[in-house]
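Dear colleague,

I am passing on the structure we spoke about, which you will find directly below.

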Amino acid sequence: METPDEDLVSRFQSGDESAFEVMVAKWNEPILQLATRLTGDLEEAKDVRQMALIKTYQGLGRFEGRARFSTWIYRVVLNLCRDRKRNAAVRARALEDSVREKDGDYVLVETGFHVARDRELAEIVAQAVLALPAAEREVVVLRHYHELGFPAIAEILGSPVTTVKSRMTRGLTLLRTRLATLET
Amino acid sequence: MEHEDLTPDCGRMRNELAGYLYGELALDARTLLEAHLEGCGACREELSGLRETQALLGRWETPPANDDPRELAAAIAARAGQALPRLAVQPRRARLVRWSALLCGAAAALLFLLSVLGTRVSFEGGNLQLSFALPGASAPAPRDTLSADEVQAYIAQQVALHTSHLEQNFEQSQRALYQRVAQMNKEELLRLAQTVDYALDQNQEALNSRLNNFARTAASTDAQTIQALNQLATMTVSNPNHPNR
């Protein structure tokens with residue numbers, strides 16, 4: 001059974017440095033995924049992950065548990081991503097890297113056309129999400145890709161649940177318009 | 001895409017569609033929405049479109065992290081530690097540096113003595129052997145020997161390596177200690193201060209004891225070495241083949 005974050009925080013605060021390793025193992029992937037989908041740049045996402053983990057390491061000692069650890073770490077990543085100034089060139093370069101290549105087995109059973117279309121489709125979806133206004137993009141990414149409930153997202157953003165729901169609906173509606181040609 | 005016959009409820013109901021799609025509506029809200037959907041083609045169409053959009057979102061996959069968490073954690077800890085302010089007072093580090101300097105000085109003095117004596121070091125039959133080329137001596141150098149310069153360089157390298165390890169370990173311990181101290185409240189800090197005082201006293205006693213032992217052993221070893229050197233010198237000078245004789 002997975003150790004709760006709060007237990008890991010307590011262990012770290014008691015001087016058990018190995019607890020940080022467990023936290024990294026648990027949060028490395030979600031942080032990178034979130035940062036990739038918010039910045040659209042894999043390299044920039046790795047920078048955000050490094051800074052988020054450094055902030056975690058330095059801040060764990062003062063973590064008082066007023067909010068859940070997951071809320072705290074998501075806030076850190078969101079704030080780091082918001083601080084990033086990106087230009088169009090960076091976004092275009094990164095988008096290609098942020099779309100995962102299908103693994104070898106998939107390529108074997110699919111025709112080249114299908115593989116190419118799949119990648120193209122993934123890029124179109126990624127561009128549509130990245131083109132959303134920041135407020136809607138954050139909610140869509142947290143809800144859809146990180147499977148966080150509206151109350152949890154509201155806590156992370158410091159906004160009412162009703163606002164989060166409205167942003168999600170608006171985000172999906174905007175995406176529907178942009179992806180309309182792909183819907184069959 | 002947009003249906004024409006929207007009812008006054010449609011705006012409010014559509015705000016619930018995202019919650020409905022992601023299974024986040026409470027039972028009463030879901031019942032109300034489903035009742036509305038039954039009679040509203042426009043909202044059913046909207047829901048259908050959003051559901052397709054929801055499915056499309058799943059097509060964007062991102063690369064897995066593929067990092068070793070242990071290595072990543074170590075790198076982060078090291079990086080985070082660098083950003084920490086150094087302690088203003090570092091008495092243990094100062095002592096460590098003083099002792100390292102003392103040991104290096106002693107090693108250098110010993111090496112100088114060996115160098116003056118023209119000492120050669122060799123390993124023969126698994127045993128370390130020293131030979132001395134006193135002034136005027138012309139004994140051929142044995143095979144597989146190291147010159148005093150080479151030994152000096154090797155020992156200096158090992159002393160530097162050892163000192164570097166000591167300093168690294170000390171840096172790591174210092175960072176870990178700093179992290180822990182930063183988390184402590186006033187009571188804990190007071191307890192820590194008392195513990196540190198006690199530990200320092202204990203360490204000082206233990207250190208004094210070990211130093212006394214070391215000094216006794218060193219004096220004894222020195223006496224034996226001087227005696228052996230004298231014997232060797234006597235044997236060399238009394239050698240009938242010695243050119244100075």
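Leaving aside residues up to four places away in sequence, Arg68(A) touches Glu6(A), Phe63(A), Ala152(A) and Glu155(A). Please bear in mind throughout that this is a predicted model. Arg68(A) sits in the loop that runs between helix 3 and helix 4 (69-83) of chain A, and, because its relative accessibility is 43%, Arg68(A) is classed as partly exposed, the band for that class lying between 20% and 50%. As for how sequence and space relate here, Arg68(A) and Ile156(A) are 88 residues apart along the chain, while their C-alpha atoms are 9.6 Å apart.

Turning to chain A as a whole, the chain has 10 helices and zero strands, so that the order of elements from the N terminus on reads α-α-α-α-α-α-α-α-α-α. Of the 184 residues in chain A, 49% are buried, and the accessible surface of the chain comes to about 8,800 Å², with 50% of that surface belonging to carbon and sulfur atoms. Among the contacts in chain A with a separation of 6 or more, 65% are between residues 24 or more positions apart.

The remaining findings concern the interface with chain B. There, 56 residues of chain A are in contact with 40 residues of chain B, and the area buried between the two chains is about 4,600 Å², of which carbon and sulfur atoms give 60%. Across the interface of chain A and chain B there are 15 residue pairs in polar contact, counted where both residues have pLDDT 80 or more.

Which elements of chain A supply at least two residues each to the side that touches chain B? They are helix 1 (5-13), helix 2 (18-39), helix 3 (42-59), helix 5 (88-98), helix 7 (112-130), helix 8 (134-145), helix 9 (150-157) and helix 10 (161-178). Helix 2 of chain A gives the most to that side, with 10 residues. By residue class, the side of chain A that touches chain B divides into 27 nonpolar, 16 polar and 13 charged residues.

Finally, the count of salt bridges between chain A and chain B is five, and one salt bridge joins the side chains of Arg143(A) and Glu24(B), with an N to O distance of 2.7 Å.

With best wishes

Terms used:
Residues numbered from 1 in each chain as written. Chains lettered and ligands numbered in written order. Predicted model: local features only at pLDDT ≥ 70, side-chain atom pairs only at ≥ 80, totals over all residues. Heavy atoms only, no water. Contact = heavy atoms within 4.5 Å. Buried area = accessible area lost by both parts, 1.4 Å probe. Salt bridge = Lys/Arg side-chain N within 4 Å of Asp/Glu carboxyl O. Polar contact = N/O pair within 3.5 Å; in protein donor to acceptor, adjacent residues only side chain to side chain. Helix = DSSP H or I, 4+ residues; strand = E, 2+ residues; numbered from the N terminus. Nonpolar A, V, L, I, M, F, W, Y, C, P; charged D, E, K, R; others polar. Buried < 20%, exposed > 50% of the residue type's maximum accessible area, 1.4 Å probe, protein only. Areas by Shrake-Rupley, 256 points an atom, 1.4 Å probe, with all protein chains shown as cover.
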